[in-house]
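Here is a short report on one protein model.

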Amino acid sequence: MGIVVETPGILTTVQDEGRFGYQQFGVSPAGPMDSTSFSLANLLVGNPRREGLLELTFSGPTLKFTEDNVIAVTGGDMSPSLNSQPIPMYQAVAVNQGDVLSFGMMKGKGTRAYLAFAGGLDIPLVMGSKSTLMRNVLGGMNGRKLEAGDKIDFVHPRKTLPDMEDRRLVPAEFGEREIVLRVVTGPQDTDFSVEELRRFFWYDAEITNEFDRMGCRLKREEPLKHLGDGNIITDGIAFGSIQVPPNGQPIIMLADRQSTGGYSKIGTVISVDLPKLTQSMAGSRVRFVRVSLELAQELYLRRWEQFNRLEKRWGV
């Protein structure tokens with residue numbers, strides 16, 4: 001036993017760390033949009049940080065528990081409440097059979113929240129992952145978002161965890177109207193003149209309404225100009241790749257991106273900065289800063305070490 005979905009929210013999906021090794025077959029990894037909030041939610045409830053959980057977008061579901069367990073909510077603030085009483089975010093919370101967990105609309109501070117359950121969710125692995133990839137109808141709940149009436153069992157639920165009072169973190173801050181994203185240039189940065197590359201980093205851009213799990217389209221007052229026509233021989237796309245199609249308006253590719261693409265890629269947003277983008281809303285401004293690959297790797301390792309310290313602290 002586990003949870004019953006009474007109302008599903010706008011877009012609630014099952015996500016684990018992602019589905020890797022299949023991009024050559026056109027299957028993207030999927031996984032969480034905000035990998036930091038995802039990992040912290042799992043660590044708070046004693047799960048391996050790759051475990052499957054629920055990703056909530058803009059508004060969350062109403063869930064009824066059919067078994068005791070421990071949960072944690074991270075990411076953007078959707079005012080979670082248990083039996084109509086507010087519960088803290090970024091903290092392990094015990095729930096009992098019959099309890100009802102509900103969420104409101106996002107308060108404007110972030111766009112996505114993450115709900116983890118101690119012991120994980122009993123979701124079948126598809127190509128080695130529980131992640132939902134809706135455009136390919138793979139993983140999660142039959143390849144789709146949650147619907148009213150869905151039932152998901154727990155794998156190894158826990159009524160309590162050691163050091164429950166210690167399992168809390170300072171909530172992350174989201175909702176800035178201008179974000180700075182660090183970028184490693186390439187692999188097709190030579191498709192742009194030195195002056196155009198300078199302009200990419202000098203001028204900001206606006207996040208448009210064309211923003212979903214596949215990608216985020218930006219609008220610049222002056223579109224970027226290619227040395228050629230902006231098309232390349234199709235090659236692979238990473239999470240954070242910045243494609244510049246012939247119209248000169250950049251697109252940042254995200255979790256459910258297509259596996260390959262034929263537009264020039266001016267650079268890639270570094271991994272540790274992607275949550276700032278994926279927790280932003282349309283109308284926010286983006287400014288880019290150029291960094292080295294070495295710095296991007298160093299920052300990634302620092303975050304990895306932070307997670308390792310939490311694992312040791314809580315005995316994951």
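Ring pairs join Phe65, Phe117 and Phe154 into a cluster. The model is predicted: local features need pLDDT of at least 70, side-chain atom pairs count only at pLDDT 80 or more, and totals for chains, interfaces and linings use all residues. Residues are numbered from 1 along each chain as its sequence is written, and side-chain values use heavy atoms, with hydrogens and water left out.

**Aromatic rings**

A pair of aromatic rings is described by the distance of the centres and the angle of the planes. Rings of Phe, Tyr and Trp (its six-membered ring) pair if their centres lie within 6.5 Å; planes under 30 degrees apart count as stacked, over 60 as edge-to-face and the rest as tilted. By this rule there are 7 aromatic pairs. Phe65 and Phe154 form a tilted one, with 6.3 Å centre to centre and 35° between the planes. Phe65 lies in strand E4 (residues 62–65) and Phe154 in the loop between strand E11 (151–153) and strand E12 (178–185), so this pair ties together parts that are 89 residues apart in sequence. Strands (E, at least two residues) and helices (H or I, at least four) are DSSP runs, numbered from the N terminus. Both Phe65 and Phe154 are buried. Buried means under 20% relative accessible area, exposed over 50%, partly exposed in between (1.4 Å probe, protein chains only).

Phe154 also pairs with Phe117: the rings are tilted, 5.5 Å centre to centre, with 35° between the planes. Phe117 belongs to strand E10 (residues 112–117), and the two partners are 37 residues apart. Phe117 is buried, as is Phe154.

**Charges over rings**

A charge sits over a ring if NZ of Lys or CZ of Arg is within 6 Å of the ring centre and within 35 degrees of the ring normal. Arg49 holds its charged end over the ring of Trp304, 4.0 Å from the centre. The charged end of Arg112 sits over the ring of Phe211, 5.8 Å from its centre.

**Pockets**

On a 1 Å grid over the protein atoms alone, a pocket is an open set of points where a 1.4 Å probe fits, with protein on both sides within 12 Å along at least five of seven lines; lining residues have an atom within 4 Å of a point. Grid points are joined across faces, edges and corners, and a volume is the space filled by probe spheres set on the points. In the table, Ala, Val, Leu, Ile, Met, Phe, Trp, Tyr, Cys and Pro count as nonpolar, Asp, Glu, Lys and Arg as charged, and the others, Gly among them, as polar.

| Pocket | Volume | Lining by class |
|---|---|---|
| Largest pocket | about 770 Å³ | 17 nonpolar, 7 polar, 6 charged residues |
| Second largest pocket | about 390 Å³ | 10 nonpolar, 6 polar, 5 charged residues |

The largest pocket is lined by 30 residues, and Phe20, Ser35, Ser271, Tyr300 and Arg303 lie nearest its centre. Helix H4 gives the largest share of this lining, 7 residues.

The second largest pocket has 21 lining residues, of which Ala172, Glu173, Phe174, Pro275 and Lys276 lie nearest its centre. Here H1 gives the most, with 3 residues.

**Strand E2**

Strand E2 (residues 11–15) is mostly covered, with 5 of its 5 residues buried. Leu11, Thr13 and Gln15 are on one side, Thr12 and Val14 on the other. E2 runs antiparallel to strand E3 (residues 53–57), joined by 5 bridges; two strands pair if DSSP finds at least two bridges between them. Gln15 stands opposite Leu53 in E3.
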